[in-house]
Amino acid sequence: MRVFVPILIFAACAWAADANKNAVPTFNHDVAPILYKNCSNCHRPGEVAPFALLTYQDAAKRAQQIADITQARVMPPWKATQGYGDFLDVRRLSDEQIATIREWAAHGAPEGDAAEKPAPPKFASGWLAGQPDQIFKMSQPYTIPAEGADLFRCFVIPLNATQDEYVKTVEFRPGNRKIVHHAIFFLDTTGEARKRETVPGRGYSCVGGPGLDITGSLSGWAPGAQPASARGGVAHTIKKGSDLVMQIHYHLDGRQEQDQSSLGLTFAKEPPTKGLTLYVLGNEHIDIPAGDSHYVVKASGILPMDTQAVAIFPHAHYLCKDMKVDAYLPDGTVKPLIWIKDWDFNWQGAYRYASPVPLPKGTRVEMQYTYDNSANNAHNPSNPPKEVKFGEQTTNEMAFAFISLTLANPSDVAEFRRGTRAEFIASMLENGVDEEALGPQRAASLKMLLAAFDKNKNGKIDPDERDALVQFLIRREERQDRQ
Ligand code: HEC
């Protein structure tokens, strides 16, 4: 008899596991843990999402909507396609989790056993990364009207750095989480932003970017984002005299609201041992005919020295649908940097790589963005569609990929910038001089370069003529930088 005991136990276990698999998912046992981990951070009172997802009642009355929106992968908001870039803080449900929610909704959203009810999540208040060294707050509250289109506003805050400073951790605290949809932090040493903010502290309207050539960036914030600390030997440099330009996207909530947000900075104890630079890949030649549902904008650039990509921030406005950025390494490897197939301007942000992506000298970075300017695009700000050109307004378009790159040494940053400018000009001349697109003045200076470096006189720079031109341009930039 004894010998049967283990077999009986085995059979009972198998039966139990099977019963569990076929059981209808319940809120308490299956769904609550998914929502608490992936949704409640934004879906709770006082946060930017329009309703809470904390109790059984919250979820049950929207069961079908939650099932549909997770199936469509609209929520949780995360735009990067899996397999194209390996990122930190990924907000993505597994196929299994999506199926669990779907089954639960299809069976009438049962609550389940009260004994299995998990405790609702606790959320930290205060600074998530600890007390910052210095806090920069908007100098006065800004009032947001009850109704109207979303607002994009840039606030200028002097950082009062009397020497170059190195920032390790940047943490944003929205003053009013109900309306702050996202924020981006730029640095300006030119004084241009101060000129635009005609009344100090009131900010100025800015949609696409801050409306000026930025001199640096401190990344950005979106609901649910964890504060980012620069990794190993890397730090953001704040140049002496820089202003912080804090661009905030406000989502109106039907009531007049006020906001006074702040940015906390923690400084690095030591100067950085690596260089950090923002590589801007972009194309300003955008002219999308009204009704065109598939307008493609491309750009590419060559990296002039060994780098490592640490983050990417793709940027366009409302018409863009699809964004793809790839790196072609000199050894022939293709490294996908990001692919977004359903771009949504409301959910733009920085994607940080799980580990730095090595991009050696000579790597060609390529972007291809696709725009839909037809009436079928629900995001189209014009109805009927209008011709759309490059620009700062909601009704203009942009095509940029801002890539944060680290370099072996902090002193490499200047050389990297010279190198990218030289590579940019050389790439332009690969196709000769387009006088119409460039205008007479630019065209004339490029023609002089062509006359000197186009050895076989075929009207363009060939691969074997390129290096001499690039070296010349770098030396010319070095002389200009020294002056
Ligand atoms: C990062 C913040 C954030 C997270 C995480 C998040 N949401 Fe949302 N959710 C929002 C915001 C904000 C809105 C309002 C619409 C918008 O701005 O896109 C929204 C809207 C919704 C809507 C209404 C959509 C509509 O069409 O009206 C549903 C349903 C929803 N979320 C469900 C979820 C579920 C389920 C999860 C988790 C699996 C989740 N959300 C995770 C921020 C978030």
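I started with Asp89, which I found in the loop between H4 and H5. Helices (H or I, at least four residues) and strands (E, at least two) are DSSP runs, numbered from the N terminus. Phi of Asp89 is near 50 degrees, a positive value in a residue other than glycine. Asp89 counts as partly exposed because its relative accessibility is 48%. I noted the cut-offs: buried is under 20% relative accessible area, exposed is over 50%, and partly exposed lies in between (1.4 Å probe, protein chains only).

A note on what I am reading: this is a predicted model, where local features need pLDDT of at least 70 and side-chain atom pairs count only at pLDDT 80 or more, while totals for chains, interfaces and linings use all residues. Residues are numbered from 1 along each chain as its sequence is written, and side-chain values use heavy atoms, with hydrogens and water left out.

Next I looked up Asn160, in the loop between S3 and strand S4 (165–173). Asn160 is not a glycine, yet its phi is positive, at about 55 degrees. Is Asn160 buried or exposed? Asn160 is exposed, with a relative accessible area of 62%.

**Cis peptide bonds**

I went back to the loop between H4 and H5, where Pro76 has its place. Met75 and Pro76 are joined by a cis peptide bond, with omega about -10 degrees. I also found a cis bond from Asn383 to Pro384, with omega near 0 degrees. Pro384 is in the loop between strand S20 (364–371) and strand S21 (388–389).

**Aromatic rings**

How many aromatic pairs does a search of the whole structure find? I got 18 aromatic pairs. In Trp78 and Tyr351 the ring centres are 4.9 Å apart and the planes are at 65 degrees, an edge-to-face pair. Rings of Phe, Tyr and Trp (its six-membered ring) pair if their centres lie within 6.5 Å; planes under 30 degrees apart count as stacked, over 60 as edge-to-face and the rest as tilted. This pair links distant parts of the chain, 273 residues apart: Trp78 is in the loop between helix H4 (63–71) and helix H5 (95–106), and Tyr351 is in strand S19 (residues 351–359). Both Trp78 and Tyr351 are buried. Phe400 and Phe402 are stacked, because their centres are 5.5 Å apart and their planes at 25 degrees. I then saw that Trp78, Phe87, Tyr351 and Tyr353 form one aromatic cluster.

Trp339 came next. Lys324 lies over its face, at 5.1 Å from the ring centre. The charged end of Lys341 sits over the ring of Trp339 too, 4.4 Å from its centre. For this, NZ of Lys or CZ of Arg must be within 6 Å of the ring centre and within 35 degrees of the ring normal.

**A sheet**

I traced an open sheet of 5 strands in the order S6-S3-S10-S5-S7, with antiparallel pairing. Strands pair if DSSP finds at least two bridges between them. Strand S6 (204–205) and strand S7 (216–221) stand at the edges with a single partner strand each, so one side of each has no neighbour in the sheet. Strand S3 (residues 151–158) and strand S10 (residues 243–250) pair over 8 bridges in the antiparallel sense. Which residue in S10 is the bridge partner of Leu151? I found Tyr250 there.
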